[in-house]
Protein chains: 2
Amino acid sequence: MAEYLESLRVLAEKFGQLEGVGKKTAMRMAYSVLELEPEEAADFAQAIVNAKEKIHLCPICQNLTDRELCPICADSERDHATVCVVTDPRTVMAMEKVREYRGTYHVLHGLISPMNGITPDQLKIKELLTRVGEGEIEEVIVATNPTVEGEATAMYLSRLLRPLGVRVTRLAYGVPVGADLEYADEITLFRALEGRREV
Amino acid sequence: MAEYLESLRVLAEKFGQLEGVGKKTAMRMAYSVLELEPEEAADFAQAIVNAKEKIHLCPICQNLTDRELCPICADSERDHATVCVVTDPRTVMAMEKVREYRGTYHVLHGLISPMNGITPDQLKIKELLTRVGEGEIEEVIVATNPTVEGEATAMYLSRLLRPLGVRVTRLAYGVPVGADLEYADEITLFRALEGRREV
């Protein structure tokens, strides 16, 4: 009957745009919306609009924020001489849970991946170089995932950054090879941070 | 960081309301919304509102529709003397894909489940009895899932319907026990329909 339910089909299509949502799941979600109370559905729609409207990238670290600067960049108690470079905002969240890291971050929003057509200029690398160029940063910890793309991106950054006179380190292989940092437990992340090494 | 991104947290909460969406998945989806173009996000929000506004239950079969009657109930070429009782609208979609069934449907919107506090009066059983009471229906095929709740609901319906003089049948056990009809392949559903038996 879905062929008649155009508005349901359209809604499923929207869910299907989201990362990791397949066709069946998208349709299940669309049905699920129909089971919400009308006000809940209206709130849901509003939440999408609000999130898009309020959240933007921090002009310093490129992490998501709903303020002018993100709370980490705005925090004078953090160590602004140490920058941890991560793939995406979710990794910042994972790192912050460790509660051991007191430096700042830089979010690349992706990894270099020629296979997927992602080149360095599509990532926030230029912004990182500008930050380092300002001279306040002493160490850049590259905390990309220990995968082929993560390693390649780390190598690329290291080659660009070392000439600028900063220490470039990489998380220790405490994180299991091939894993996603987002799913690493806190102790693993802590150990990886402690044992970080120069690249 | 998530503690600062109130609008992201709220959005993740909304995704979390949907059936089968856990906390991690909900957060991943919320992040994914931020990666959409602004117009895509606006369309997404609008699609939720539209689906809720346009889709209601068919007054005859209780299936979802965006018309006065659903296209199956409105179709004079279908066999209105045969009613297939299903748990939810998704099962109607699965059955329609078989293209062998020419009768109509009745959507219960759930199964009797004392464990989950779902009693017969919360389902569209009253509406089914009214339809059968009108005298046009000759056979009711109970196509609930072959699970404990599905069987219990089938038994309950059979006891109510037989005194009204209709033939009450059940899908043959072509569908694997414990499975979800929505995921049954078309041949299995076809065989199950062919081999249906009285209950």
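I looked up B:Gln62 first, and at 7% relative accessibility it counts as buried. Buried means a relative accessible area under 20%, exposed means over 50%, and partly exposed lies in between, with a 1.4 Å probe and protein chains only. I noted that B:Gln62 sits in the loop between strand S1 (56-57) and strand S2 (64-65) of chain B. Its phi is near 70 degrees, a positive value in a residue other than glycine.

I wrote down the ground rules. The model is predicted, so local features need pLDDT of at least 70 and side-chain atom pairs count only at pLDDT 80 or more, while totals for chains, interfaces and linings use all residues. Residues are numbered from 1 along each chain as its sequence is written, chains are lettered from A and ligands numbered from 1 in the order in which they are written, and side-chain values use heavy atoms, leaving out hydrogens and water.

I then checked a residue of chain A. A:His109 also has a positive phi, near 60 degrees, in a residue other than glycine. I found A:His109 in the loop between strand S4 (103-107) and H5 of chain A. With a relative accessible area of 30%, A:His109 is partly exposed.

**Chain A as a whole**

I counted seven helices and seven strands in chain A. Helices (H or I, at least four residues) and strands (E, at least two) are DSSP runs, numbered from the N terminus. Along the sequence I read the pattern α-α-α-β-β-β-α-β-α-β-α-β-α-β. The C-alpha atoms of chain A fill a box of roughly 65 × 35 × 35 Å along the principal axes. Of its 199 residues, 50% count as buried.

**Helix H6 of chain A**

I listed the buried residues of H6(A): A:Gly150, A:Thr153, A:Ala154, A:Leu157, A:Ser158 and A:Leu161. Seen down the axis, they fall within an arc of 135 degrees, so they line one face of the helix. The arc is that of the directions from the helix axis to the C-beta atoms. An α-helix has 3.6 residues a turn, so residues three or four places apart point the same way.

On the face turned away from the buried side I found the exposed residues A:Val148 and A:Arg159. The cover over the buried residues of H6(A) includes strand S3 (79-86), helix H5 (125-133), strand S5 (139-142) and strand S6 (167-170) of chain A.

**Helices H1 and H2 of chain B**

In H1(B) (residues 6-16), I marked B:Ser7, B:Leu8, B:Leu11, B:Ala12, B:Lys14 and B:Phe15 as buried. They cover an arc of only 155 degrees around the axis, which puts them on the same side of H1(B). What covers them includes helix H1 (6-16) and helix H3 (38-54) of chain A, together with helix H2 (23-34) and helix H3 (38-54) of chain B.

Which residues does B:Val33 touch? B:Val33 lies in helix H2 of chain B and counts as buried at 0% relative accessibility. Not counting residues up to four places away in sequence, I found A:Leu18, A:Ile48, A:Lys52, B:Leu11, B:Phe15 and B:Phe44. Contact means heavy atoms within 4.5 Å. The C-alpha atoms of B:Val33 and B:Phe15 are separated by 11 Å, and the two are 18 residues apart along the chain.
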